[in-house]
Amino acid sequence: VVLKVKALSTKKAKELDLGNGNVVLKAGNKAYGIEHILNDHPDMFNTREDVIKFTRDVLENFSEIRRGKKNRPVFVKRVNSTIAVVEFEKSSNSLRVVTAYTIKPHKLEEMPLVYSRANLSGTHPTLLRAPGFLHTHPV
């Protein structure tokens with residue numbers, strides 16, 4: 001599955017050292033991708049489609065980008081007190097999804113801020129309404 005980071009222009013992605021802004025979500029293995037996410041976060045994700053929807057939502061509606069473990073880019077979406085993150089590693093000219101999960105604010109603050117979107121007004125997309133997922137309502 002190839003997902004495009006729609007919130008970033010190719011120019012901005014390159015400025016932030018994020019390749020061309022394309023995101024690759026692969027089946028993966030125990031270390032990365034869909035298999036890793038399903039195995040490590042069964043309380044949040046039941047199916048491959050859950051992982052794809054969650055990842056796409058964070059990419060399209062992120063509020064900031066931080067640097068996580070091994071200097072990996074981490075896209076962050078805040079909804080009330082819940083924080084959703086998708087962590088990547090660079091793979092040639094794109095980003096490969098390593099993992100996706102929710103995080104506590106104090107853990108997020110340990111990650112250096114790289115980029116913040118100034119204004120997120122207008123849309124608050126509806127996310128999956130399964131247990132463990134963020135819940136928002138269309139405006």
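This is a predicted model: local features need pLDDT of at least 70, side-chain atom pairs count only at pLDDT 80 or more; totals for chains, interfaces and linings use all residues.
Figure 1. Leaving aside residues up to four places away in sequence, Asn29 touches Glu35 and His36. Asn29 sits in the loop between β2 (22-24) and α2 (33-40). A polar atom of the Asn29 side chain lies 2.7 Å from the backbone nitrogen of Ala31. Is Asn29 buried or partly exposed? Asn29 counts as partly exposed because its relative accessibility is 33%. Val98 is 69 residues from Asn29 along the chain, and the C-alpha atoms of the two are separated by 9.8 Å.

**Figure 2. Arg67, a buried residue with no salt bridge.** Arg67 belongs to strand β3 (residues 64-67). Which side chain of opposite charge is nearest to Arg67? That side chain is Asp17, 4.8 Å away. A salt bridge requires a nitrogen-to-oxygen distance within 4 Å. The Arg67 side chain does reach the backbone oxygen of Asn71, at 3.3 Å. Residues up to four places away in sequence are again left out of the contacts. Arg67 then touches Leu16, Asp17, Arg72, Pro73, Met111, Pro112 and Val114.

**Figure 3. A salt bridge between Glu15 and Lys12.** The structure holds 10 salt bridges. One of them joins the side chains of Glu15 and Lys12, at 3.1 Å from N to O. Both residues are in helix α1 (residues 10-15). They are separated by about one helical turn, because they are 3 residues apart in that helix. Lys12 has a relative accessibility of 26%, so it counts as partly exposed.

**Figure 4. Arg66 in salt bridges with Glu64 and Glu109.** The side chains of Arg66 and Glu64 meet at 2.5 Å, N to O. Arg66 is buried, with a relative accessible area of 7%. Glu64 is buried as well, and its relative accessible area is 7%. What is the N to O distance in the salt bridge between Arg66 and Glu109? That distance is 3.7 Å. Arg66 lies in strand β3, whereas Glu109 is in the loop between α4 (105-108) and β7 (113-116). The pair therefore ties together parts that are 43 residues apart in sequence. Glu109 is partly exposed, with a relative accessible area of 49%.

**Figure 5. The network around Arg66.**

Methods: Residues are numbered from 1 along each chain as its sequence is written. Side-chain values use heavy atoms; hydrogens and water are left out. Helices (H or I, at least four residues) and strands (E, at least two) are DSSP runs, numbered from the N terminus. Buried means under 20% relative accessible area, exposed over 50%, partly exposed in between (1.4 Å probe, protein chains only). Lys and Arg count as positive and Asp and Glu as negative; His and the chain ends are not counted. A polar contact is a pair of N or O atoms within 3.5 Å; within protein, one must be able to donate a hydrogen and the other to accept it, and residues adjacent in sequence count only if both atoms are side-chain atoms. Contact means heavy atoms within 4.5 Å.
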